[in-house]
Every structure is written in structure tokens, then in C-alpha cells.
Amino acid sequence: MTADIAENRAEVQSRTLTAVLNARVGQVYGPGTGIDGLVRLSGGASRETWSFDALLPDGRRLPLILKRDPLDEIDPGDADVNLGIDRWTEGRLMQLAREAGVPAPEVPFFLDADDRTSAGFVSQRLEGEALGRRIVREDEFTQARAKLAFQCGEAAARFHAIPLDKLPPLRNLPVAAALDYNQGVIDAFGQPHAGFEYAFRWLRERLELAGDRLTLCHGDYRNGNLLVDHAGLAGVLDWELGHLGNPISDLGWICIRAWRYGYYDNPVGGFGAVEDLLDGYEAGGGGRVSLETLRFWEVFGCMRWGVICMTLAFAHLEGRERSVEKVSIGRRAVEGEYDLLQLVD
Amino acid sequence: MPTDRPNVAELVEAVREFLTDHVGPNVEGQLAFHTRVAVNALAIVERTLAQGGAMDEAELLRLKELLHQDGNLEEMNAALARAIRAGEMDDQRAELLAHLRLTAADKIALANPRYLTPRG
């Protein structure tokens, strides 16, 4: 595709989407409502994100975000896509989390797929910082950082408590299935890996430590998917890997070193202490989590980080998506391997 | 491999310097980011050329001791992975873990030596 055609196509997409959204905000907020300032924010392979404002007849301006499924076929090798959910389900999870008392953007309406758009959901565009390396470093977040680990624990306890019968259909990944899934991914690469095999062995010997609750899991609960303002946690974002699983997997994941942005002394997302995370989890009604159970899920998280790195690299190596960035991430798999080998015995 | 200069390491170094000094400053956005990624990838190649041989030798020695068999690095690592999965290494946990930790530390030293140094 030449640059001209690509640009033209983007323009057509943007114009079509403007028409779709104008019609939709009219239905939701009443006739005379229109949209303004539509811009594409990012394009992962698994979704599109757009920013726009709804302009109400009384002059009010509502800052909004649209996330929709890609218009084109999804690459089945994309790491996120394997476990990913559709946008309708993602928006629904965000609504349920908010109802459960989790700081999360409001989701005022959805888009149905038709001949002009793929399915999507619209959420409030909240003020705050989502860039992990700024959250761990900038002076303006000093006070927020002091509370953030506790608040992350509390928020997780709340979305883990959402009754299962309220949830939309989700992939069920209890711990044994999650281990099988990841081991299967590595096996498919045809590159046996002693370090990760040790992790699988170690984890399978300790399945009783994992705990036996099955709840909604965020699936990518980490610094980078949190919106933070001066008061602390302002929103839990990016629910696209939501699934049913062991809730403590979310707590282990937020502790792995990949999200500390160099601030290694703060195990929780580079901003907080494990004790605060667990205190918050207990205060939010999640019960007391033992350090042994957390360690189990940290080891699992390190393994999972390694598998994600390899998955991205093999998308390049197997020719699905040639990219110097993706292939280079393959060399970061050893970060997960190194860290988990320090945690196991 | 030819022994004539420039040798492989010198060629890779030249390409890395070209990307750092001449491409990086003249591009922005995604292209600048991917240039940094490419520079890092070449730095991994340079470190591997300099240190990888000695690391391989030490790793192979450890593998021979652990597995009581012979083979090249790839075969031995595959054999170790299979043995761990089959539970055949369960009675030499301490030696196995020591080996895996040393191997991972070497791999980190090649892939991203700064990983072990906190910035905070």
C-alpha cells in the first residue's frame, strides 16, 4: 500500500467514524449533540483507540474515548489476541468494575458492528497519568505513590468480588489450565527452555499454594494500565485480557520487575510495598493473602512475561510480522527467567 | 570466517555507530524509537561476540556434569529441558538451580546488563 492510499484510507475511516459517532451521541444525549476533535490515539493489532468530545446542545463538552475492534482481520499470532476479549465484553467489565467501587472510567454507550464500523465501547476520558515511567519518577506523584499500592490492592479485591453470575461469558483459566496454556505456547516454538521448565515444574508441585478461588481477573493488572492523579489511583484501564481465573494472579503480575521502570526497591509497580498491596487487598474484602501464595503468582508472572516476550519474537521469526522491535523483545524473556530463578527454591 | 579486518565485531560496531550518530538524530517518533531498538540489538550482538564463547564453554561444562552425557549446547539444553519436565532432575535440585541461575545471569549480561542496576 502506498503512503497516499494509506492516508486516503485513514481519512475515509475517520470521516465514516465521525458520521457513526454523530448519530450515536444524538441517540444517547439527545438531538443536537455532535462530536468534535476525533483523533486516532493508537492502533494495537487487536484494537483501535480514538479520542473525541461530545458537544451537548447546552454547551457542555464530554471528553470521551472510543475503543473498537480492528476493521481488518486480526493476526492470530498476536500475543494479546490469543486471550483477548471483544470490545463489548471489555466495556461491560469496565462498567461492572465501576459498579463494584473500582475507580474506572464510566462507559456511557457501545457501538454495534454494522457495515460502517466494528463493535466498540465508549468511555469517559479521565484526567491523569498512565505512563508507568512518569508515575514512578515524577515529583507531582509523590503523594499518590505513598497510597497507590494500598489502593491497587483494594481495587483488586473489589473487582475480584464481582459475583460470577453478573459477568459476561469469559475464558476460564484456572491455574492448571493457565500453566498448560503457557507450556503449550513454549512447546509450539520448538525451542526447549530449561529455565522455564524449572518454573513449570516448581509451580505444578505447589498448586495448592495458588489458592482455589475463581473470580474475574483483570489479566494485565500492572503499572501502565493504571490511571494515576495527585490523589492516587484514578482508574483501572485496559480490561481486554479479562478472564476467569485465580485472583491472586493479578497481584503477582503487578509485582513483576518489568513494571518497575528501574525502581526495583518498590516491588509493586515501581511505586509501592508488598505489605501495602496486601493490606489494601484485605481492607477491600479480599482476605489476607500469604506471602507464599503471592510468591507463587510472582513466579507465574515472571514465566508469563517470558512467554509473552517469546511470543512477540516468534511473530517475527515465523514471518507473521517482521519487526526489529518484536524480535528484540525476544531477548527480554531472560528477564522473567532470571527473576523467577531468584524467587524459587 | 575471514580473519581480515574489519572483523565481524568491527562491522557491527560501525553499523551501530552509524545508526546512533547519523540516523538517530535525523528521525523522530516511531522511526527514532525503532532506531534505538536496532542500536540495542547490535549492542547485544557485540557483547555476544566478545563474551559469548567463554559463556558457552562454561555452560557446556556444567551441562555435561549435570546430565552425564555429551553433545552440543543446543542438544544438551533440549535434553535438560526434557529431563526437568520428566522429573529426572528432582534429586539434584541445588546443582540444577545453581546452573540455571548462572546461565540466566550470563544471558542477562548479554541482553541487558543494566537490568541488574536499579535506577530509582
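A polar contact is a pair of N or O atoms within 3.5 Å; within protein, one must be able to donate a hydrogen and the other to accept it. At the start of α3(B), a side-chain oxygen of B:Asn72 comes to within 3.1 Å of the backbone nitrogen of B:Glu74. The model is a predicted one.

**Interface of chain B and chain A**

- On the chain B side 31 residues are in contact with 28 residues of chain A.
- About 2,800 Å² is buried between chain B and chain A, and carbon and sulfur atoms give 61% of this area.
- Of the area that chain B buries against chain A, 25% is supplied by B:Arg85, B:Arg93 and B:Tyr115, more than by any other three residues.
- Five salt bridges are found across the interface of chain B and chain A.
- One salt bridge joins B:Asp90 to A:Arg201, with the closest N and O atoms 2.6 Å apart.
- Helices α2, α3 and α4 of chain B are the elements that give two or more residues to the side of chain B that touches chain A.
- With ten residues, α4(B) gives the most to that side of chain B.
- The side of chain B that touches chain A is made up of 19 nonpolar, five polar and seven charged residues.

**Helix α3 of chain B**

- This helix runs over residues 73-85 and has 13 residues.
- From its first C-alpha to its last α3(B) reaches 18 Å, close to the 18 Å expected at 1.5 Å a residue.
- The buried residues in α3(B) are B:Met76, B:Ala78, B:Ala79, B:Leu80, B:Ala81, B:Ala83 and B:Ile84.
- Their cover includes an element of the other chain, α7 (194-204) of chain A, together with α2 (29-67) and α4 (93-111) of chain B.
- B:Gly87 follows α3(B) and has a positive phi, near 80 degrees.

**Helix α3 of chain A**

- Residues 87-99 form this helix of 13 residues, which reaches 18 Å from first C-alpha to last, close to the 18 Å expected at 1.5 Å a residue.
- A:Asp86 caps the N-terminal end of α3(A), with a side-chain oxygen 3.0 Å from the backbone nitrogen of A:Trp88.
- Buried in α3(A) are A:Arg87, A:Thr89, A:Glu90, A:Gly91, A:Leu93, A:Met94, A:Gln95, A:Leu96 and A:Ala97.
- These buried residues pack against β2 (47-55), β3 (61-68), β4 (109-111), β5 (120-124), α5 and β7 (215-217) of chain A.
- Just after α3(A), the phi of A:Gly101 is positive, about 95 degrees.

**A:Glu154**

- A:Glu154 is in helix α5 (residues 142-160) of chain A.
- Apart from neighbours within four places in sequence, A:Glu154 is in contact with A:Gly280, A:Tyr281 and A:Gly284.
- A:Leu173 is 19 residues from A:Glu154 along the chain, and their C-alpha atoms are separated by 23 Å.

**A:Ser118**

- A:Ser118 sits in the loop between β4 and β5 of chain A.
- A:Ser118 counts as buried because its relative accessible area is 9%, and the cut-off is under 20%.
- A polar atom of the A:Ser118 side chain lies 2.5 Å from the backbone oxygen of A:Asp69.
- Not counting residues up to four places away in sequence, A:Ser118 touches A:Arg68, A:Asp69, A:Pro70, A:Leu71, A:Leu111, A:Asp112 and A:Ala113.

Key: Residues numbered from 1 in each chain as written. Chains lettered and ligands numbered in written order. Predicted model: local features only at pLDDT ≥ 70, side-chain atom pairs only at ≥ 80, totals over all residues. Heavy atoms only, no water. Helix = DSSP H or I, 4+ residues; strand = E, 2+ residues; numbered from the N terminus. Contact = heavy atoms within 4.5 Å. Expected span 1.5 Å × (residues − 1). Buried < 20%, exposed > 50% of the residue type's maximum accessible area, 1.4 Å probe, protein only. Buried area = accessible area lost by both parts, 1.4 Å probe. Salt bridge = Lys/Arg side-chain N within 4 Å of Asp/Glu carboxyl O. Nonpolar A, V, L, I, M, F, W, Y, C, P; charged D, E, K, R; others polar.
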